[in-house]
Amino acid sequence: MSNKVIHVLYNDDDILMDAVKKTRAAHHHIEEIYTPFPVHGLDKAMGLAPTRLAICAFLYGLVGLSVATSMMWFIMIQDWPQDIGGKPSFSYIQNMPAFVPVMFEMTVFFAAHLMVITFYMRSKLWPFKDAENPDVRTTDDHFLMEVAVHGDVDQMVSFFEGTHAVEVKVIEKH
Amino acid sequence: MYTFSSRLKTFAFVLMVLGILGIGYSFFTAPKTIEDVEKIVAEEQAHGHHGDAHAAPAHDAHGSAKEEHNAEAHAAPAEKPADTAHAVAVDSAHKTTDSVHAEAVVAAGHEGHDHDAHEGHEAHAEAAHGHDDAHAAHDEHHKHMEHMLHQLQNKPWSAVYVAALFCMLISLGALAFYAIQNAASAGWSPVLFRVMEAISAYLVPGAIIVYVLLVLGALDMHHIFIWMDEKVVAHDHLIQAKSGYLNKTFFLIRAALFMGGWILYRQYARKNSLAQDESNDNSYYKKNFKASAGFLVFFIVTESIMSWDWIMSVDPHWYSTLFGWYVFASFFVSGITTIAMITLYLKSKGYLEYVNTSHIHDLAKFMFGISVFWTYLWFSQFMLIWYADIPEEVTYFKTRIEDYNLPFFGMVAMNFVFPVLILINTDFKRLSWIVVTAGTVILAGHYIDFFNMIMPATVGNQWFIGAGEIGAILFFMGLFIFVVFTALTKAPLLAKRNPLIEESKHFHY
């Protein structure tokens with residue numbers, strides 16, 4: 001009983017948005033929504049918490065900046081402070097303008113790549129991963145809302161049929 | 001319709017009056033003769049402190065000249081035989097002079113006394129050759145005092161010029177932003193068009209004031225533009241070679257043409273924008289679209305030339321190719337910041353019904369992005385010159401780093417580090433007080449940017465942000481507020497029939 005879910009299919013994102021609002025108002029728990037493309041405002045309608053990826057990226061950028069700075073400080077100033085074309089390698093600050101392009105690129109590199117990897121890990125994406133879409137049409141032109149069953153199944157089915165759904169199915173989940 | 005609150009009007013007038021007092025004071029206290037300069041120097045020495053690191057190197061060089069020679073007489077034979085090669089003698093003389101300098105400084109009780117490289121060089125050369133020529137020293141001293149007199153006389157003029165130029169360019173920056181929004185058919189910004197139009201209203205009085213200042217320069221009333229001085233040009237081959245471009249007539253014609261073109265577009269666009277409100281079709285909107293596209297082409301050409309004329313030519317021996325873009329970025333971000341701040345003010349007074357936090361968010365994103373763009377150009381210009389270190393280019397930054405260290409690097413913190421750290425956050429970009437704080441710092445930072453572009457060439461190390469500078473800022477700020485808010489009362493704050501106005505009213509991000 002408890003591992004039953006309802007799959008409700010729609011063929012329009014506006015109808016989906018309306019249905020999400022109604023579902024939330026009726027206090028049904030939305031497990032997941034599958035859409036073929038990003039639906040603007042869907043996360044807000046579902047009440048999903050905002051992403052923190054941007055904060056991660058900022059911190060990764062700081063890491064990149066530190067790596068670049070300490071690397072060049074050690075190599076160019078500390079380890080072997082050679083005179084290369086008259087550039088002042090007595091202290092980091094004196095030769096800093098020459099290091100800025102690297103500092104900038106490393107900041108961007110770390111921020112971008114580590115954030116992307118974080119995104120893959122958090123959304124569990126990798127090569128050879130089995131696809132999880134419950135209905136192949138959701139990658140093309142259908143929108144699927146998966147709702148946990150609680151209480152009377154028939155009543156829930158009729159509720160979702162009233163939300164302009166094109167199809168309502170009760171599924172046993174393993 | 002907006003009504004100009006009497007309190008704001010009074011505030012603007014108070015600013016103007018205080019500004020005039022400050023400007024008047026600085027003109028009144030500027031030295032008139034060389035004797036005045038010597039008095040100032042003597043006073044500074046009597047008080048045992050320097051206005052800045054400079055104060056009176058010539059005096060010291062003059063006063064210590066005899067000591068140097070005495071010291072040399074003692075030191076040179078002790079260190080080297082009399083028949084040493086000339087190069088060695090010069091070398092040792094350099095060393096002795098340095099040490100004597102250091103001693104003299106300690107004896108005089110000056111802390112952190114940092115003598116001018118030029119003067120030091122003169123003293124070295126003199127010491128090395130062993131000439132004991134009191135006349136040469138006196139001439140040198142006289143020339144130095146004259147140089148200082150010119151710098152101090154330039155100070156009040158430069159203060160007015162920097163503030164006048166900065167305020168006019170803010171208005172031009174807002175106008176350029178307006179033209180871009182029109183030409184790009186931006187859907188978010190039409191609710192802000194009347195604010196932008198009002199800010200660009202300052203272009204008319206602002207440009208006239210700057211033009212008058214340029215004409216006064218051509219009439220030799222001030223010496224901000226050194227190439228306008230025939231006596232200087234007579235001895236300067238580099239400026240002579242540029243006189244086909246840098247001559248007073250052509251300079252004033254160019255300025256009139258550029259300012260005329262900008263004002264023409266501003267008046268035309270404003271007229272069409274108001275006519276569109278009463279119209280039955282979109283013909284005025286289309287006219288504005290075409291005019292804006294044309295203006296942007298005209299603008300980018302004239303803006304570039306304007307930056308050579310009015311800013312780069314104060315250093316007629318120096319040139320930089322990306323200077324036009326750099327100046328553009330500086331006043332463009334200031335213009336956008338001003339739009340954001342005036343929008344927030346009007347919104348807080350309840351005049352802008354349809355402006356929401358998403359509009360503010362967009363403006364804040366522009367402030368953020370163009371601040372980074374400015375930094376990119378600032379750094380590119382600095383780094384390319386620093387890296388290659390070609391003497392004829394690098395003097396520009398050498399004087400700035402030596403004499404303007406705090407303003408030069410302080411503005412990078414104000415124009416880059418602070419806005420980037422505070423405006424990177426999405427939620428912060430929607431908070432009025434954050435945008436106003438960031439905006440204040442950005443505007444102050446870009447004033448210092450213009451200060452750094454003009455002052456080193458006109459007043460050199462005699463700079464100070466005192467009564468004249470602050471007075472000029474206050475005066476032009478008051479005038480700016482008065483003109484802009486008067487313009488706001490002339491038309492409804494919402495453009496009625498702009499084809500994109502509905503989209504703009506419902507804009508959310």
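In this predicted model, helix 13 (residues 323-348) and helix 14 (residues 357-388) of chain B have axes that come within 9 Å and cross at roughly 160 degrees; axes are lines fitted to C-alpha atoms, for helices over the stretch in contact, with angles from 0 to 180 degrees between N-to-C directions. Helix 13 of chain B and helix 14 of chain B are therefore roughly antiparallel to each other (angles over 145 degrees count as such). The crossing of helix 13 of chain B past helix 14 of chain B is left-handed, the near helix being turned anticlockwise from the far one by less than a right angle. By class, this contact has 19 nonpolar, five polar and no charged residues (nonpolar: Ala, Val, Leu, Ile, Met, Phe, Trp, Tyr, Cys and Pro; charged: Asp, Glu, Lys and Arg; polar: the others, Gly among them).

Turning to chain A, four strands form an open antiparallel sheet in the order 2-3-1-4. Helices (H or I, at least four residues) and strands (E, at least two) are DSSP runs, numbered from the N terminus, and two strands pair if DSSP finds at least two bridges between them. Strand 2 (30-34) and strand 4 (167-172) of chain A are the edge strands, each pairing on one side only. Neighbouring strands of this sheet are turned by 20 degrees against each other on average, direction ignored.

Six bridges join strand 1 (residues 4-10) and strand 3 (residues 143-148) of chain A in the antiparallel sense, with Val5(A) opposite Ala148(A) of strand 3. Helix 1 (residues 13-25) of chain A lies across strands 1, 2 and 3 of chain A, at about 10 degrees to strand 3 (contact means heavy atoms within 4.5 Å).

Residues are numbered from 1 along each chain as its sequence is written, while chains are lettered from A and ligands numbered from 1 in the order in which they are written. Local features need pLDDT of at least 70 and side-chain atom pairs count only at pLDDT 80 or more, while totals for chains, interfaces and linings use all residues; side-chain values use heavy atoms, with hydrogens and water left out.

Conventions. Angles under 35 degrees count as roughly parallel, over 145 as roughly antiparallel, 65 to 115 as roughly perpendicular and the rest as oblique.
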